[in-house]
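I opened my notebook for a first look through a new structure.

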Amino acid sequence: NDPQLEKEFAEDEKEIQQEDDYEKEADGQPDEKKEKPAAKLVLEEEKAVGRIQFKTLSIFLHALGGITFWTLWPLGCLLVELVYASAPLVLGRWANAYDAAEDPRDVSVAYWLGLYTAFVVGQAIVWNIVNVSFVFAGIKASRVLHERLVKSIFGTNLRFYDATPVGRCVILT
């Protein structure tokens with residue numbers, strides 16, 4: 001029912017007929033060598049040289065999680081840097097507390113040490129959350145791209161398998 005497949009089938013039939021005619025002529029005249037008509041079954045390989053195309057990069061970046069991921073992940077990175085920059089500020093305030101106090105024993109070491117520890121632990125927690133979310137987004141992206149690849153390979157017509165050498169694959173979008 002597909003006109004494209006009918007056209008390809010007619011072309012294949014014509015090539016087979018040409019090969020059959022050649023074999024019949026060669027059987028009748030064994031001394032003469034005739035050139036076999038060149039039938040191109042395998043398509044010429046396309047090879048990109050240079051940088052990754054923006055379309056390919058955008059497919060991967062979109063598979064990472066789309067606009068939601070690319071909004072939340074940079075915010076998480078920014079939060080990590082803010083907490084990282086705030087920890088030395090806590091140490092500075094702690095040192096200023098000694099200058100402001102009349103007696104150094106009036107400064108609560110447990111309070112300032114607890115506050116500094118909270119900033120350091122908070123930084124480690126936020127950093128791990130951001131990095132683990134990126135790893136899981138990468139796993140998700142690889143699954144999405146693999147699923148699209150498998151669907152495109154298994155969903156194509158059989159002519160694709162005749163014309164495409166083993167090891168070459170194309171993501172059909």
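These are my entries, in the order I made them.

**Ground rules**

I am working with a predicted model, where local features need pLDDT of at least 70 and side-chain atom pairs count only at pLDDT 80 or more, while totals for chains, interfaces and linings use all residues. Residues are numbered from 1 along each chain as its sequence is written, and side-chain values use heavy atoms, with hydrogens and water left out.

**Overall layout**

I began with the secondary structure and found 5 helices and 0 strands. Helices here are DSSP runs of H or I with at least four residues, strands are E runs of at least two, and both are numbered from the N terminus. Along the sequence I read the pattern α-α-α-α-α.

Next I looked up contacts, meaning heavy atoms within 4.5 Å. Among those between residues at least 6 apart in sequence, 62% join residues at least 24 apart.

I then noted the accessible surface of the chain, about 14,000 Å², with 62% of it belonging to carbon and sulfur atoms. Such areas come from the Shrake-Rupley method with a 1.4 Å probe, and for residues only the protein chains shown count as cover. Of the 173 residues in the chain, 14% are buried. I use "buried" for under 20% relative accessible area, "exposed" for over 50% and "partly exposed" for what lies in between (1.4 Å probe, protein chains only).

**Nonpolar cores**

Which residues make up the largest nonpolar core? I listed 6 in all: A63, L64, F69, A137, A141 and L145. α2 and α4 are the elements that give two or more residues to this core, and α4 has the largest share with 3 residues. A second, separate core has 5 residues, including V90, W94, V107 and W112. By a nonpolar core I mean a set of buried Ala, Val, Leu, Ile, Met, Phe, Trp, Tyr and Cys residues joined through side-chain atoms within 4.5 Å.

Leaving aside neighbours within four places in sequence, L64 is in contact with F69, W70, A137, G138, K140 and A141.

**Aromatic rings**

I counted 6 aromatic pairs in the structure. Rings of Phe, Tyr and Trp (its six-membered ring) pair if their centres lie within 6.5 Å; planes under 30 degrees apart count as stacked, over 60 as edge-to-face and the rest as tilted. F69 and F134 make a tilted pair, because their ring centres are 6.1 Å apart and their planes stand at 40°. This pair links distant parts of the chain, with F69 in helix α3 (residues 66–100) and F134 in helix α4 (residues 109–154), 65 residues apart. F69 is buried at 11% relative accessibility, whereas F134 is partly exposed at 35%.

Another pair I wrote down is Y111 with W112, edge-to-face at 5.1 Å centre to centre and 75° between the planes. W112 is buried, at 14% relative accessible area. I also found F69, W70, W73 and F134 forming one aromatic cluster.

**Salt bridges**

How many salt bridges does a search of the whole structure find? I got 2, taking a salt bridge as a side-chain nitrogen of Lys or Arg within 4 Å of a carboxyl oxygen of Asp or Glu.

R105 and D103 meet in a salt bridge at 3.3 Å, N to O. R105 is exposed at 71% relative accessibility, while D103 is partly exposed at 24%.

K151 and E147 form a salt bridge too, with their closest N and O atoms 3.2 Å apart. Both lie in helix α4, 4 residues apart, which is about one turn of the helix. K151 is exposed at 57% and E147 is partly exposed at 44%.

**Two last stops**

I52 lies in the loop between α1 (3–28) and α2 (54–64), and I52 is exposed at 65%.

Beyond neighbours within four places in sequence, Q123 is in contact with V80, V83 and Y84.
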